[in-house]
Amino acid sequence: MTYLDHAASTPMRERAVAAMMPYFSGSYANPSGSHRFAREARRAIDEARDDVAGVLGVAPGSVVFTSCGTESDNTVLAGVAGGAVCSAAEHHAVLHPIEDRADGVVVGTDPTGHVDLDQLAAACASPGVAVVSVMAVNNEVGTITDLRGVAEVVRRVAPQAVLHTDAVQAPCWLDLRTIAPLVDAMSFSAHKFGGPKGIGVLTLAPGIAVDPLIVGGGQERERRSGTHNVAGIVGLATALLETDAHRDRELVRLAALRDRLVDSLTGALDGVVETVPRDRKVAGSAHVCIEGIENEALLFLLDEADVCASAASACASGAMEPSHVLAAMGVDRDLALGALRLTLGHTTTDADVDRASDVVVDAVRRLRERSS
Amino acid sequence: MLAMSGGVDSSVAGALLLDAGHDVVGVTMKLWGGDSDTGCCSVSDVDDARRVAQQLDIDHLVFNFGDDFDRHVVDPYVRDHTLGVTPNPCIECNRHVKFDRLLTRADQLGFDAVATGHHARIGRTNDGRLTLERGADPAKDQSYVVHMLDQHALARTLFPVGSIDKAEVRRIAADRGLRTASKPDSQDVCFITSTGGRETFLGDRIEFRPGRVVDTSGVELGRVESVEMVTIGQRRGIGLPGGGPKRYVVDVDVPGTTVTVGDERDLLDDALTVGAVSWTDGPVHGDVLVQASAHGATQRATLSGASPVDVDVDDVDGAVNVDVVWHTPQRRIAPGQSVVFYDAADTRVLGGGIAR
């Protein structure tokens, strides 16, 4: 199998799997308990929190463990009353809550999917704006947001607003310590960087008050109730440390592989458009739009050939709706129907990209022959 | 049993106890359930205490003494303000919670002693009596706030950092990599937030009453919004215009909603009555040094009515009253403040009580 869907989910790192194992049937106590067995589990969480805080560049007290990136996003948006602003290219976990509120404003992007800073400033000028959410890395097309520029606008125009970034796609590609000082809140999801599914992080800078989405036992300093997912937390922390330690090397390796993949597609086929310039996006993203094909059909052929890819984000590709990100970018609807997202990750090899290229080229030729 | 506040002093106290060969269990007391951003009651301080215990590899428990804290510290604090009394809640917490409730719990559980991170020392005289001495670091001495310890309590109390100075405490913490090594000292009352302050805290619990500000002959000079917020000795915030002679609050009559101001001389007293007196090792009379604030200078005075015969044990509160006669007139002590007696060398606590 050739797996090039790492932006949807990347395989767990072996060390993360190993680190989790003791917390299933071994140290299984509820970490909020008062006995020594509970303290053992609690200690694992405490140490994981320190590790996570170190990589994210925040204080340990700023780290809130959640169940996923969507919960982290929803918590910030639901927990801050007032006007809300986001970019049209946001993940649905941000976009839908903001579209659903009466005082939500969605601002446009430039052709690379980057939020338009002038439109952002105009939206932030509304006096009731309480929260602004702009993603660090786009999950579909890989565009890196200039968060320094975003923060400059938000702090200047809406200094009262909580600035949140959905950084779910960032940990493999960006040094998160450079993002943390710019924003008030960040969302992460472990399974995007080699941790398990079902565990995420929300960071909240000191002094940022967010009403909890889930109330109950008061875990996570009353910010997120529910018994701690000890194994998940340990797995998340271990994966994050590994990701951070290998990032510089992986950036070089995977950028070269990504370039080789895209170059081979554009070399072999006419009408393959690279959706976002390489210097504007993360190293693992190989998003292209292929003229004259429908990606629904293409993905079927790739799947038959054991190549795992996607058309848009994982949530959307079940129903194959046209991508809202490409629409925001102004990509022609016919061209957008040929969108193909190939995303690389820590297990991707030379052989993977070479085989994927061969399979995609064959499939596109076949589809074009049969439709002409 | 080590009482761990989450601060550097109790952290290092734990390290020193382990060095001395003690079998140590860390305990953090959950005292205040409301808003807190400082002191020993915030969740982050409990986290810090637990993390230090993990670093020291000792067990760490959390005891919820919230009811005791409300009953002995918070409720009296609120009530006293309605009576024109300015209490020191940290001392009442030490008296009723740390060195009573916790000490009792430690006894029940079979611990030999309770240790805390206070800067004070416990000594022993040639005839085997225990003494309470000032801490080695004059700037950080906390003997004033633990003055209520008697022989029974002293015998079961340890102050591991009392014999070293604060710089040494921080150095030890840094050497051992304790996460509290550079944590700032807490200065404030733990149940009062730095953002809301005393006024917000009290305002949520009592109805402030406006009052008249009068001079010593009874002539009205102005008004205050809340007599409960006024303290003897105060100069600012009493609604009087600037300029002119310095005027101080010399009396607060909360039930009568009247604040009396006067000049500095009107504030001077020859004597003071101290109630609810406790003694480190039995009643003392004669010349002593008296300290009436946490880091205030001591003043010479003579204790009268302090001999066992003259002590008025039938005071309305059922507590011991002592008369303090200043050798030179002193500024009036606000009722509710703790007044602590030291020996002539100004090193040893003899006893103390609360200004009436």
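The model is predicted: local features need pLDDT of at least 70, side-chain atom pairs count only at pLDDT 80 or more, and totals for chains, interfaces and linings use all residues. Residues are numbered from 1 along each chain as its sequence is written, with chains lettered from A and ligands numbered from 1 in the order in which they are written.

Chain A contains twelve helices and twelve strands (DSSP runs, H or I of at least four residues for helices and E of at least two for strands, numbered from the N terminus). Of its 372 residues, 52% are buried, that is, have 20 or more other C-beta atoms, placed from the backbone, within 10 Å of their own.

Helix α2 (residues 36-56) and helix α7 (residues 230-268) of chain A have axes that come within 9 Å and cross at roughly 30° (lines fitted to C-alpha atoms over the stretch in contact, with angles from 0 to 180 degrees between N-to-C directions). Therefore α2(A) is roughly parallel to α7(A), a term for angles under 35 degrees. Residues A:A41, A:A44, A:I45, A:A48, A:D51, A:V52 and A:V55 of α2(A) meet A:V230, A:I233, A:V234, A:L236, A:A237, A:L240, A:L241 and A:D244 of α7(A).

Between the chains, seven residues of chain A are in contact with eight residues of chain B (C-beta atoms, placed from the backbone, within 7 Å). The side of chain A that touches chain B has no nonpolar, two polar and five charged residues (nonpolar: Ala, Val, Leu, Ile, Met, Phe, Trp, Tyr, Cys and Pro; charged: Asp, Glu, Lys and Arg; polar: the others, Gly among them).

Key
Parallel < 35°, antiparallel > 145°, perpendicular 65-115°, else oblique. Contact = placed C-beta atoms within 7 Å. Buried ≥ 20, exposed ≤ 12 C-beta atoms within 10 Å, placed from the backbone.
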